[in-house]
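Reader: Hi! Could you walk me through this one before I set anything up?
Author: Happy to, here it is.

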Amino acid sequence: MNSGYIHKSIIFFSLSFFFFFKQKTAYEMLRSLVGSEMCIRDREIGSTNSDGRPDNWPVCRPFTRVAIEEDIVVGPHVHERQWFAKLNYWAWYGNVVLLWWNFICMCAYTNVKDSNIGIVFLALCYAILGSVCAFYGWFKLGYKSVEGNSNFLLFMYLGIFGLSTLWWVAVAVGVPEAGMAGFIAMLKLFGSNDGVAIMALVNFIFACTMVVGMGYIWLKGKAIYSGLGGTEKTQEIANNAKTLAQATNSV
């Protein structure tokens with residue numbers, strides 16, 4: 001096994017591991033930052049925070065809560081917000097399935113091309129860490145944002161979800177040395193093993209579908225974000241948080 005690939009894989013895994021915990025920490029910090037916003041919102045439309053309610057997901061061993069039609073029930077445009085949360089839920093499932101399909105494709109590619117096993121390890125890291133990071137990084141963030149009509153959380157969601165969409169663009173391009181089985185991998189396989197090339201073609205089509213679908217969801221989120229005040233409201237919340245932090249530090 002090429003030591004360079006091993007080194008790159010270890011670095012990628014370490015950075016991804018750090019990013020995951022950093023992201024969860026950032027998620028918890030965001031809940032504190034928007035505390036004042038949520039308090040005002042609760043007084044206006046009633047409590048919409050699912051914290052404290054029983055966990056129900058997954059059914060086999062619940063550790064978190066996903067109950068869209070129970071949690072998103074008050075405030076304006078309830079149906080639109082519920083639909084947005086459902087789209088994100090389905091998009092997350094799509095991410096998980098396609099990440100593991102990409103891993104299978106890279107296993108087949110490595111077997112045919114006798115490539116370094118390090119790219120398979122990269123694809124495995126994408127599948128494991130990508131599934132978890134997508135759940136906490138944008139699905140739960142988007143869920144909380146429309147549950148409580150939080151402008152600031154939705155702003156953060158749009159940024160993270162947009163980056164995730166661009167990642168699928170990279171998968172569609174499909175540089176196999178990066179652990180991605182897409183268009184370039186397909187071109188390299190046709191002629192040597194058409195069966196595996198078709199697998200890469202399927203991955204390319206699925207990745208393009210994910211880009212289109214996630215782009216549509218991003219636009220739906222952007223519309224909700226604009227209805228919550230857009231960037232002006234976000235800037236106002238950020239300034240209020242900054243003022244509150246300064247006041248707290250001066251005490």
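Author: One definition to start: accessible areas here come from the Shrake-Rupley method with a 1.4 Å probe. With that, the chain exposes about 12900 Å². Please keep in mind that this is a predicted model.

Reader: OK, fold next. How many helices and strands does the chain have?
Author: There are nine helices and zero strands. Along the sequence that reads α-α-α-α-α-α-α-α-α. As for contacts between residues at least 6 apart in sequence, 68% join residues at least 24 apart.

Reader: Nice. What is the mean pLDDT of the chain?
Author: The mean is 84, and 80% of the residues reach 70 or more. Residues 5–29 have pLDDT below 50, and that stretch has 27 contacts in the model beyond near neighbours in sequence. Residues 39–48 are also below 50, with 13 such contacts. Where pLDDT is low, the predicted coordinates should not be read in detail.

Reader: Got it. Switching to packing: at roughly what angle do the axes of H6 and H8 cross?
Author: Helix H6 (residues 151–173) and helix H8 (residues 194–227) cross at roughly 165 degrees, and their axes come within 9 Å. H6 is therefore roughly antiparallel to H8, as angles over 145 degrees count that way.

Reader: Is that crossing left-handed or right-handed?
Author: H6 passes H8 in a left-handed crossing.

Reader: Speaking of phi, what is the value for His77?
Author: Phi of His77 is near 55 degrees, a positive value in a residue other than glycine. His77 lies in the loop between H3 and helix H4 (78–113).

Reader: Where is Asn149 found?
Author: Asn149 is in the loop between helix H5 (118–147) and H6. Asn149 has a positive phi too, about 50 degrees, though not a glycine.

Definitions and conventions. Residues numbered from 1 in each chain as written. Predicted model: local features only at pLDDT ≥ 70, side-chain atom pairs only at ≥ 80, totals over all residues. Heavy atoms only, no water. Helix = DSSP H or I, 4+ residues; strand = E, 2+ residues; numbered from the N terminus. Contact = heavy atoms within 4.5 Å. pLDDT = per-residue confidence, 0-100. Axes fitted to C-alpha atoms, helices over the stretch in contact; angles between N-to-C directions. Parallel < 35°, antiparallel > 145°, perpendicular 65-115°, else oblique. Left-handed = near helix turned anticlockwise from the far one by under 90°.
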